[in-house]
Amino acid sequence: MKFLVALLALIFLAGNALVGYLFFKEALTDKMVHKGFILQSLPLLGGVVLILFCLPVLWQVLRLITARSEPA
Amino acid sequence: MRHIAIAAIAIALLLIGLIVSLVEANANQPWGQTLLDNFMLARSLPFTLGLGVALGYARANWPRRAVERRTGAARRFDASTIWLHWIGTVAVLLGLATGAWQYLKGLLDVSSPIAMPLVYRVHYIAASLLMFVIALTITEWWLRGSGGLGIPKGGWIRSLRGLAHELPRPLGGTLAYMLGLDLRRAPPPTEKFTWYERSISYPTWVIAIGLIALTGILKAMRYIYPIPGDVLYWVSAIHVGAMVLLAIKVLDHLRYVLAPSRWPLMGAMISGWVSARYAAARHPGWHVTDEPTPDAASAATPVRPVGGRPA
C-alpha cells in the first residue's frame with residue numbers, strides 16, 4: 001500500500017513540477033511582460049512556489065519508501 | 001422522517017432542474033458545447049447547493065448509532081467524513097488538473113491534444129461535486145454544532161503555543177518570538193488533531209476552497225448575469241491565484257500525511273480508525289478513555305519531543 005501511495009504521489013509531483021516549470025518559463029516571455037505585473041506575477045510566483053513545495057513532498061515520499069514499518 | 005422527505009425533495013428538484021436544462025439545451029440553440037455546459041453548470045448550481053444543504057440536514061438529523069467500540073483502536077473519522085473527504089479529493093484533483101490545463105493552453109498559446117470542450121465539461125463536473133461537498137459539510141457541521149477542526153473560542157494562544165512546539169525549531173522559535181510565546185513552558189498535549197492541522201492546515205483549506213468556490217460561481221454566472229469586465233478580470237485573476245494556492249495546499253497536505261510517523265493517520269482516512277497505542281503516544285491529549293492505553297514502558301517515544309526535530 002505504501003509503495004502504491006508513494007508511486008501516485010511521485011506521479012502527482014512530476015505533474016506539479018512540470019506545471020511549475022511551464023508557468024515559470026512562460027511568465028518570462030515578452031508576451032507576459034506586456035500583460036502587466038499581476039498577470040505576469042501569477043505564473044511566475046506560482047511556478048516557483050509549486051516547484052519549491054514539491055521538494056519536501058519528494059523527501060517525505062523517499063522517507064516513506066525507505067522507512068521500516070512500525071506498528072500502527 | 002422529515003429529513004428523508006427533505007433529502008428526497010432535493011434530489012427530485014435537482015433531477016427536474018437538470019432535465020429542464022437538458023431539454024432547453026437540446027432545443028435549437030446557437031451555442032457551442034462549452035457554452036451549453038456553462039449554462040448547465042450555472043443553472044444546476046442552486047439545485048446542487050440545495051441538495052448538499054438537504055443531505056447535510058438529513059445527515060445532521062439522522063438517528064445516531066451507538067458509538068462503535070473496538071479494542072485497541074480509536075475512532076478518528078466518521079464514515080461520512082471519510083467519503084466526503086474522498087469525494088472532495090476527487091473534485092479538487094479533477095478541478096486542478098483541468099483548470100491548469102485551460103490556463104496552460106492560454107499561456108503557451110498551443111492547440112490542445114485533448115478536446116477543450118471535454119476539459120471544460122470535466123472542470124464543471126468537478127466544480128459541481130465540490131459545491132455539493134461544501135454545502136453538505138457546512139450544513140451538517142453547523143446543525144450538529146461541530147466546529148470541525150477549528151480552534152475553539154479563547155483557544156488561540158494555546159493552539160499557537162502547541163504549533164510553535166510542533167514546527168521545526170527555527171520556525172517555531174521565530175513564531176514564538178514574534179507572538180511573545182513562552183516556549184520554556186511545557187507544550188499543550190496534542191489532541192485528536194495536531195496543532196498544525198488546527199491552526200494552519202484547516203484554516204488555509206477553508207480560505208483556498210472558499211476563494212476558488214466563490215470566484216468559480218461568479219465566473220459560471222457571467223453569461224446569465226452580466227458582470228462588469230473589470231470585476232471579471234479580478235475574479236479570474238483571483239480564481240487562478242486560488243488554483244495555485246489549492247495546488248500548494250494539496251502538496252503541503254501530501255508532505256504532512258506521507259511522513260512515515262504519520263502513516264497510521266493516512267490509514268485512518270480510509271478505515272476511520274487508528275490504534276490506541278498510536279493515539280496515546282502521538283496524541284496524548286486525545287482522551288481515548290475507553291481504550292486500553294499502552295503502559296509507559298512499551299509506549300513509543302513521542303515523535304516530536306519538545307524542542308526536537310520534526311517528524
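A residue is buried if 20 or more other C-beta atoms lie within 10 Å of its own, exposed if 12 or fewer, and partly exposed in between, with C-beta atoms placed from the backbone. The model is predicted, so that local features need pLDDT of at least 70 and side-chain atom pairs count only at pLDDT 80 or more, whereas totals for chains, interfaces and linings use all residues. Residues are numbered from 1 along each chain as its sequence is written, and chains are lettered from A and ligands numbered from 1 in the order in which they are written.

View 1. Helices are DSSP runs of H or I with at least four residues, numbered from the N terminus. Leu246(B) is buried because 22 other C-beta atoms lie within 10 Å. Leaving aside neighbours within four places in sequence, Leu246(B) is in contact (C-beta atoms within 7 Å) with Val92(B), Leu96(B), Ala208(B) and Ile212(B).

**View 2. The largest nonpolar core, of 61 residues.** Such a core is a set of buried Ala, Val, Leu, Ile, Met, Phe, Trp, Tyr and Cys residues joined through C-beta atoms within 7 Å. Among the residues with the most contacts inside this core are Val57(A), Ala54(B), Leu130(B) and Leu246(B). Elements giving two or more residues to the core include helix 1 (2-27) and helix 3 (37-66) of chain A. Helix 2 of chain B gives the most, with 11 residues. Another core, of 9 residues, lies apart from it and includes Ala73(B) and Tyr278(B).

**View 3. The contact between chain A and chain B.** Chain A supplies 21 residues and chain B supplies 22. On the side of chain A that touches chain B, helix 3 of chain A gives the most, with 14 residues. This side divides into 16 nonpolar, 3 polar and 2 charged residues; Ala, Val, Leu, Ile, Met, Phe, Trp, Tyr, Cys and Pro count as nonpolar, Asp, Glu, Lys and Arg as charged, and the others, Gly among them, as polar. Beyond its neighbours within four places in sequence, Val57(A) is in contact with residues including Leu13(A), Leu251(B) and Leu258(B).

**View 4. Packing of helix 3 of chain B on helix 4 of chain B.** The two helices pack at an angle of about 145 degrees, with their axes 8 Å apart; axes are lines fitted to C-alpha atoms over the stretch in contact, and angles run from 0 to 180 degrees between N-to-C directions. The residues of this contact comprise 16 nonpolar, 7 polar and 1 charged.

Conventions
Contact = placed C-beta atoms within 7 Å.
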